[in-house]
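I opened the notebook to look up a few things in this structure.

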Amino acid sequence: MRVNEPPTVPTARQKDAALAEAGMPSLACPAGRPHSAVRHMTSVLHVISGLGVGGAENMLFQIAGRLRDRGHPQHIVSLTGRGPLADRLTEAGMDVSCVNLKSLTGAPRGVAELIRLVRRVNPDVIQGWMYHGDLMATLLHAFAPGKQCRLAWGVRCSDMDMDRHARVIAIAARLSHRPDVIVANSEAGARTHVARGYRPRRLEIIPNGVDTEGFRRDGAVRAEVRAELGLEPARRLAIHVARVDPMKDHGSFLAALRDLPDVTGVLIGEGTQQLDLPPNALALGRRGDVARLLAAADLIVSSSAFGEGFSNALAEGMSTGLVPVATDVGDARVIVGEAGLVVPPRDAGALRRAIRTLADLDGYTLATRGAAARARIIEQFGLARAIDRFETLYGSLA
């Protein structure tokens, strides 16, 4: 080497090759992960109204858990005390803080506790979930130490009942310019909130993701569950997963079932045991084994009348290989595509006809359409895809 010639510096690829030859992991790609996955480790504080059983709560569980597994610190705040999901989060090794802001006497102390928490955790991003979570996230953001903490809101519904939520939506709309980004889980939800006065500086649509390995067809489980429910192997089974709430419109589903005596309807969700059921319907209440129960069915039905953004139940049923029947609410058409049938909301007759059409298909055709439904979820709405998008979003904010 001549005296004035600069020394040769190995490239990153040459370093990686030398490490690989020595049997060592790449420095540029720790633990064997692809180059694109190497990012700043972003800490996120999630604020949600409660940790009960619901689509938003379950999505929070999935997102926070997967991001934590990728090295991003996560902390969850529940504003209405502990719920069933709090224990699952804790068991999964997540940091969970629960206060009860429902009590007027306890609210000031709860808010003070959360302010101390955000100063201690010092997150890169504070992520609100749903209206009350968004508003509290905004308050906590004002007390975050330093100037680098970013604020994100989460829109999880579309045309909610204005009589029930008008006041909080109006307040949120006036403050909607404050967050650095608003994340909607559906196109319908984004459109609805902009129409209601939301003025986001940045709006991102990240559909919910489905654990397609957890929700999949299993013939042995199908036979097992049908035996438990006393159903014949060949009987058509339409399953409906939703808590009892006016927006879910159980009435239309039950009215449709009454004119479909050769189809069995299974209802899963809080409060379903109190419904007036026709002879061909079973109500199982809230269950922790939804994936197992879905495997026994042929059709997944979503009968929502309003308010739905992205229906987790619909997508999870499709991932299990069930053919979908859904009302045209939220992003149902986006989820279903050509895999099933979409009908007008609050129309029991149209819902009945759609279920009838699919229930009359022969076994092979029904299975083929179910396979197409699963393929659509894998391609468009897999959980890893949603996690990747949240990771990229948070990385761009931090």
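Predicted model: local features only at pLDDT ≥ 70, side-chain atom pairs only at ≥ 80, totals over all residues.

Next I looked up the cores. The largest nonpolar core has 33 residues. Val47, Leu114, Ile126 and Tyr198 have the most contacts inside it. I then checked which elements give two or more residues to this core: strand 1 (44–48), helix 4 (107–121), helix 5 (130–141), strand 5 (150–155), helix 6 (162–175) and strand 6 (181–184). Helix 5 gives the most, with five residues. I also found a second, separate core of 28 residues, which includes Ile239, Leu284, Ala296 and Ala326.

Arg222 lies in helix 8 (residues 219–229). Is Arg222 buried or exposed? I noted a relative accessible area of 18%; the cut-off for buried is under 20%, so Arg222 is buried. Beyond four places in sequence, Arg222 is in contact with Arg217, Pro233, Ala295, Ala296, Ala297 and Asp298. Ala295 is 73 residues away along the chain, yet the two C-alpha atoms are separated by 5.2 Å.

Last, I turned to helix 13 (residues 348–359). Its twelve residues, at 1.5 Å a residue, should span 16 Å. I found the end C-alpha atoms 16 Å apart, which agrees. The buried residues of helix 13 are Ala350, Leu351, Ala354, Ile355, Leu358 and Ala359. They cover an arc of only 165° around the axis, so they sit on the same side of helix 13.

How values were computed: Residues numbered from 1 in each chain as written. Heavy atoms only, no water. Helix = DSSP H or I, 4+ residues; strand = E, 2+ residues; numbered from the N terminus. Expected span 1.5 Å × (residues − 1). Buried < 20%, exposed > 50% of the residue type's maximum accessible area, 1.4 Å probe, protein only. Arc of directions from axis to C-beta. Contact = heavy atoms within 4.5 Å. Core = buried A, V, L, I, M, F, W, Y, C linked by side-chain atoms within 4.5 Å.
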